Amino acid sequence: MQDASSRAAILNGLIAHLQGPTGTGEALKAISECCEAARAAGLGNDAAAMETLDAATAGLDPILRESALAHVSGDLHRYLRILDMLDNVLDLAPLEGINQIYWSMQRQLFLMRMDMASVPDFVAGRLLPFYERFLRQMSIRLGLAPAARPAGRPDTGRIVVVTNQFLSDQHQPSRDLLLLAGRLQRDLGREVLVLNTNMMPDRYHSPFVPPFAAAVEERLSGEQTIQFEAGTFRLLSSTEPGLSAAKLSGLLSAVEAFDPDLVIAFGGSVTVADLLEGVRPLLCIPTTTGQTVSLADILLDFGSSEPPAGEGRLARSWRPFRFGLSLHRTGDSTTRADVSIPETAFVCIVVGNRLDAEVDGGFLDMLEHVLDRIPEALVLFAGGVDSLPGRLSGNRHAARLLCLGHVERMEALMSVCDLFLNPRRTGGGAGAAQALAAGVPVLSFGGGDVASVAGPAFLVADADAFIARATELAADPALLAAARQEARARFAVVEREGNDVTQFAAYLDEAVTLFRNR
């Protein structure tokens, strides 16, 4: 926590940026950085500071203002105000702008940047109904009318799997999708068509902060044949930006021509799949923890044993089933000498694709305490980074905090590690599974994908317990050996969960039955 003068400077800097130019992505990113600094300084919990920020920004663009103050405070009431504003102009506002705001909100929820306790029913009670109204407006304004299968037509044995974003077989959710397609074809005898729709915004259409734009793999345009492991899959991909009638009508027509018995939404808020919920049975497979927004007849889970609260649509459609993670396992290993790590080191590893944001000040403070208590410890950071190396360079333990960047041979790297350390975040489930498979114990707080994959034995309640557990494992070889065995046993449990083809097939059939009944 900074002193009063530093906090005042951060507050004044944020106000100045909010009152300045906001018409470019660079300006929105600069505002976002100021919001993050204010959040880290604790201004979101300072009533006087938030009152000052409220007053100073009263005349600004309301989307900019409310999203910025939500970024600082984590208060979901700010998002409720944005949804209320959009509801008032839903038939007039540009669809691209609404889509941008919706996905930017979803991004903040995914990154665990919002205080879910501030509005406990936000997703089920407000965001899901808004999403339905948005889809209805999209259908009306773009003239979308997906065709139902004529009554009495026999089953085709076909399934369409729809995703918002497919990038490559090195992208974990894309690998998981190909694993799904393989199981449908190989184990269940279904013919599969994958639709890669790229429906998330790929540029900024709104002054929402922090801004969000998704990656698009331009080479995946049109019809593709994708090979993965022993399977070959047909992929129809649209890389056309934005929400156009031609793009959406083309995707819906492709579904009609393929004539599937069932549509699978792979991930949450899969727009094209949800546009089909009135004419085809729909099952949703989440790719992360948290509350998934979906209009599916069946909504599978990501390892939780508790359904969504209440008796609404999400609670009724929820079923307990974690689909498997497609780990790339070749038996690859290495030695510490090969990667220039001392044989006597206690090697901790942090893995992720968003380490710049996830390795925040609080997590670095914890790592400092771990390194203080374990003189032989090193911490490796594996994953693409931009700002993290600069922040680590000024740390008093900089020589023991090593950024490796993107790692191709992750299985080999895990073979020389002793402990997997997890920041507070939603993602990271595949990294945790890779660690468990290699017999590397996980150390995590509750909540998020890593906690779901690792299970209760590897979770701690707070920072003190985190530091103490790492210290104990480093000091006691027998305790570490037992934890390694427990890690492998936990991976076997997770692997069995995802390989229950019989239960998965039963859920596919149930989705069809529920659709026919309604």
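Begin by selecting E217 and R219, whose side chains form a salt bridge with the closest N and O atoms 3.6 Å apart; the term stands for a side-chain nitrogen of Lys or Arg within 4 Å of a carboxyl oxygen of Asp or Glu. The model on screen is predicted, so local features are given only at pLDDT of at least 70 and side-chain atom pairs only at pLDDT 80 or more, while totals for chains, interfaces and linings use all residues. Residues are numbered from 1 along each chain as its sequence is written, and side-chain values use heavy atoms, with hydrogens and water left out.

Next, select R409 and D332, which meet in a salt bridge at 2.8 Å, N to O. This pair links distant parts of the chain, 77 residues apart: R409 lies in the loop between β11 (401–405) and α15 (410–414), and D332 in the loop between β8 (318–322) and β9 (346–351). Helices (H or I, at least four residues) and strands (E, at least two) are DSSP runs, numbered from the N terminus. Both partners count as partly exposed, R409 at 44% relative accessibility and D332 at 26%.

Move on to E358 and R354, where the salt bridge spans 3.4 Å, N to O. Here E358 is buried, with a relative accessible area of 8%, while R354, at 23%, counts as partly exposed.

Finally, turn to helix α3 (residues 47–56), whose buried residues are A49, M50 and L53. Seen down the axis of α3, these buried residues fall within an arc of 95°, so they line one face of the helix; the arc is that of the directions from the helix axis to the C-beta atoms. On the other side of α3, A47, A48, E51 and A55 are exposed. Show α1 (4–19), α4 (62–73) and α5 (77–88) as well, as they are included in what covers the buried residues of α3, contact meaning heavy atoms within 4.5 Å.

Conventions:
Buried means under 20% relative accessible area, exposed over 50%, partly exposed in between (1.4 Å probe, protein chains only).
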